[in-house]
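Please consult the sequence and the three-dimensional view alongside the text.

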Amino acid sequence: EEQEEDVLRELRLFLRNITERLSLDRRFKAFTKPVDIEEVPDYLMVIKKPMDLSTLLTNIDEHKYVTVSEFMADADLIWKNTLEYNPDSDPMDRNIRHRACALKDTVRAIIRDELDEDFERVCEEIRESR
Ligand SMILES: CC(=O)c1nc(NC(=O)[C@H]2CNCCN2)sc1-c1cc(O)cc(O)c1
């Protein structure tokens with residue numbers, strides 16, 4: 001009902017704000033757009049569920065997420081995919097792995113600092129009721 005739509009609207013605003021802040025961080029430039037298959041032709045052979053910050057924003061706008069934890073699962077794909085695709089001791093692999101780990105820690109720190117656990121509980125109740 002109306003109160004539920006108010007909660008989900010606030011969730012979308014919260015998730016958009018996080019995603020836009022991450023997209024502005026220069027460390028995360030490589031994660032802002034879908035991996036360019038021209039640049040890395042074997043990417044889709046290795047990575048089954050590509051994800052990036054612009055796709056997170058599209059998903060938010062399409063009301064894909066009813067809880068923060070659903071959003072987190074997709075956000076986690078970005079750094080998990082990066083670690084999987086870049087396992088080597090190659091300096092480039094190491095560098096993008098450091099950025100992936102920084103992304104993981106940054107998302108978790110923002111959620112811990114800015115998400116009210118009561119708000120997430122209300123979102124989970126809405127998800128279970130649907
Ligand atoms: C996002 C990601 O995971 C990614 N990984 C790469 N790794 C490599 O190129 C490593 C793989 N190991 C052997 C030495 N080369 S390039 C790359 C990428 C970065 C962008 O800014 C845009 C884009 O489309 C893809």
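Glu2, Asp6 and Arg9 are joined in a network of salt bridges, a salt bridge being a side-chain nitrogen of Lys or Arg within 4 Å of a carboxyl oxygen of Asp or Glu. The structure is a predicted model, in which local features need pLDDT of at least 70 and side-chain atom pairs count only at pLDDT 80 or more, while totals for chains, interfaces and linings use all residues. Residues are numbered from 1 along each chain as its sequence is written, and side-chain values use heavy atoms, with hydrogens and water left out.

## Overall build

The protein has 6 helices and 0 strands; helices (H or I, at least four residues) and strands (E, at least two) are DSSP runs, numbered from the N terminus. Along the sequence, the pattern reads α-α-α-α-α-α. The C-alpha atoms fill a box of roughly 50 × 30 × 25 Å along the principal axes.

Of the 130 residues, 41% are buried. Buried means under 20% relative accessible area, exposed over 50%, and partly exposed in between, with a 1.4 Å probe and protein chains only. The accessible surface comes to about 8000 Å², and carbon and sulfur atoms hold 53% of this surface; the areas come from the Shrake-Rupley method with a 1.4 Å probe, and for residues only the protein chains shown count as cover. Among contacts with a separation of 6 or more, 69% are between residues 24 or more positions apart, where contact means heavy atoms within 4.5 Å.

## Charges and salt bridges

The protein carries 21 positive and 32 negative side chains, and the centres of the two sets lie 5 Å apart. In this count Lys and Arg are positive and Asp and Glu negative, with His and the chain ends not counted; the place of a charge is NZ of Lys, CZ of Arg, CG of Asp or CD of Glu. Side chains of opposite charge can pair when their charged atoms come close. The number of salt bridges in the model is 13.

| Pair | Closest N and O atoms |
|---|---|
| Glu114 and Arg21 | 2.7 Å |
| Arg127 and Glu70 | 3.4 Å |
| Asp113 and Arg112 | 3.1 Å |

The salt bridge of Glu114 with Arg21 links distant parts of the chain, since Glu114 belongs to helix H5 and Arg21 to helix H1, 93 residues apart. Glu114 is partly exposed at a relative accessible area of 38%, and Arg21 is partly exposed at 34%.

In the salt bridge of Arg127 with Glu70, Arg127 lies in helix H6 (residues 117-128) and Glu70 in helix H4, so the pair ties together parts 57 residues apart in sequence. Arg127 has a relative accessible area of 33% and is partly exposed; Glu70 is also partly exposed, at 22% relative accessibility. In the pair of Asp113 and Arg112, both residues are exposed.

## The nonpolar core

A nonpolar core is a set of buried Ala, Val, Leu, Ile, Met, Phe, Trp, Tyr and Cys residues joined through side-chain atoms within 4.5 Å. The largest one holds 33 residues, of which Leu15, Phe31, Leu56, Val68, Leu103 and Ile111 touch the most other members. H1, H3, H4, H5 and H6 each supply at least two residues of this core.

Ile111 is part of helix H5 (residues 91-114). With 12% relative accessibility, Ile111 counts as buried. Beyond its neighbours within four places in sequence, Ile111 contacts Phe14, Ile18, Val68 and Met72. From Ile111 to Glu4 the separation is 107 residues in sequence and 21 Å in space, C-alpha to C-alpha. Leu103, with residues up to four places away in sequence not counted, touches Leu22, Phe28, Phe31, Ile78 and Trp79.

## Helix H3

Which residues of helix H3 (residues 53-61) are buried? They are Leu53, Ser54, Leu56, Asn59 and Ile60. These buried residues pack against helix H1 (2-24) and helix H4 (68-85).

Asn59, a residue of helix H3, is buried with a relative accessible area of 9%. Apart from neighbours within four places in sequence, Asn59 is in contact with Met51, Lys64, Tyr65 and Asp74. After H3 comes His63, whose phi is positive, near 60°.
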